[in-house]
Structures are given as C-alpha cells and as structure tokens.
Amino acid sequence: MTDINFNTPVAHSASADARPQDEPAFDLIELLFFAYRDFVGDADEVLAKFGFGRAHHRVLHFINRNPGMKVAELLDILKITKQSLGRVLKQLIDEGYVEQKEGAKDRRQRLLYVTAKGEALALRLAALQTARIGRALTELGAAGRDTARHFLIAMLDPGRRDGVLRLIDGADRRRRT
C-alpha cells in the first residue's frame, strides 16, 4: 500500500490523469469519502457532547441559515422522511435549540427558527468546518475557492443546481441584511 503525502500539491498528481477512461475514479471516490469523514468529524466531536448526531447538525444548519423555513422545505432539502425529521426536530425543540411557530397567514404551517442557543451551536460547528475549508483552500492557492466551488456545483444533479444555488444565495443575502 502506498503512503499518501499531503505535502505534495494535488495539481502534480499524474496518477489521476493517467487513469484509463473506462476505469472507475477510485482515487477521487475514496478522497471524497475520506474528506467528508474528516469534514463532519470535527463537528461530530462537539455534537456528541450534546447527545446529538449528524442529522441534528444538518437540521440546525439549515434552520439557522434559513430562519422561518417551513418543515416541508426542510424535508425537501434533507431528503429524509417526516418521521426521521420529527425525532431530531423534537429533541432540538425540547432542548431549546429550535423553536417552531405558526405561520402568520396559515396557522397550519410550522415555521422553524433557531434560538440564541441554537444559533451559537450552529455557528460553532460552522467555524470548525470553515477552518478546515480555509486550510484546504490555502493549499490550493489563489484560484482554489472558485475551482472548489465550480467542482462542487458540477457534482450536483443538473436539475437541482439552480434550486441549491438559490437556497445558498438566499441564505447569504439574509445573513448580510
């Protein structure tokens, strides 16, 4: 088994370029698995102290970024069952991280908001992940952020790209106002 040297710039890796066209991209597939493991692992350590897991993190993240979002919107983003969300959401509400309010026009709507406690945890987790991303982008150089962003967008299903970008851009605009 070959040792992996992370000090070598990724751009100089000839093995990925020399791969036959019909061979699976095992190196990239496995790098995605390991990168995701480490990316969420930073937050997992903090979440475990609260008795939370990755599902709690995702719910907290998207509610924090999209205050007042409907439960149905969250279900659509996460692609999970109502039952799975219900269990996680109940725990976050019961422990004071999220609050649920009726819609102003339609009282059947359940709108979700993080509490101050929920926002603090969401931002703490985002800071850990931002630090990891920052370290990686520093290694990539000046064009690294744009290249990484373009790669990740290209990885999305083409039919979902516009919706994902609208969600991200909308959350960014709300944060700035």
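Guide: The buried residues of helix H5 are Leu 85, Val 88, Leu 89 and Leu 92, where buried means under 20% relative accessible area, exposed over 50%, and partly exposed in between (1.4 Å probe, protein chains only). Seen down the axis of H5, these buried residues fall within an arc of 100°, so they line one face of the helix; the arc is that of the directions from the helix axis to the C-beta atoms.

Some ground rules come next. This is a predicted model, in which local features need pLDDT of at least 70 and side-chain atom pairs count only at pLDDT 80 or more, while totals for chains, interfaces and linings use all residues. Residues are numbered from 1 along each chain as its sequence is written, and side-chain values use heavy atoms, with hydrogens and water left out. Helices (H or I, at least four residues) and strands (E, at least two) are DSSP runs, numbered from the N terminus.

H5 covers residues 82-94, which is 13 residues. The expected span of a helix is 1.5 Å times one less than its number of residues. For H5 that gives 18 Å, and its end C-alpha atoms are 18 Å apart, which agrees.

The face of H5 turned away from its buried side carries the exposed residues Gln 83, Arg 87, Lys 90 and Asp 94. Two of these residues, Lys 90 and Asp 94, meet through their side chains in a salt bridge, at 2.6 Å from N to O. A salt bridge here is a side-chain nitrogen of Lys or Arg within 4 Å of a carboxyl oxygen of Asp or Glu. Lys 90 and Asp 94 are four residues apart in H5, about one turn of the helix. Side chains of opposite charge can pair when their charged atoms come close.

By this rule the count comes to ten salt bridges. Another of them joins Arg 54 and Asp 44, with the closest N and O atoms 2.6 Å apart. That pair links distant parts of the chain, since Arg 54 is in helix H3 and Asp 44 in helix H2, ten residues apart. Arg 54 is partly exposed, with a relative accessible area of 34%, and Asp 44 is partly exposed too, at 22%.

Back on the buried side, the residues of H5 pack against helix H3 (54-65), helix H4 (71-78), strand S2 (98-102) and strand S3 (110-114). Contact means heavy atoms within 4.5 Å. From H4 comes Val 71, which is buried, with a relative accessible area of 8%.

S2 and S3, which H5 packs against, belong to an open sheet of three strands in the order S1-S3-S2, with antiparallel pairing. The edge strands are strand S1 (69-70) and S2, each pairing on one side only. Two strands pair if DSSP finds at least two bridges between them, and S1 and S3 pair over two bridges. In S3, Leu 112 is the bridge partner of Met 69.

The stretches on either side of H5 remain. Lys 79 is found in the loop between H4 and H5, and its phi is positive, about 55°, although Lys 79 is not a glycine. Most residues other than glycine have a negative phi. After H5 comes Gly 96, whose phi is also positive, near 85°.
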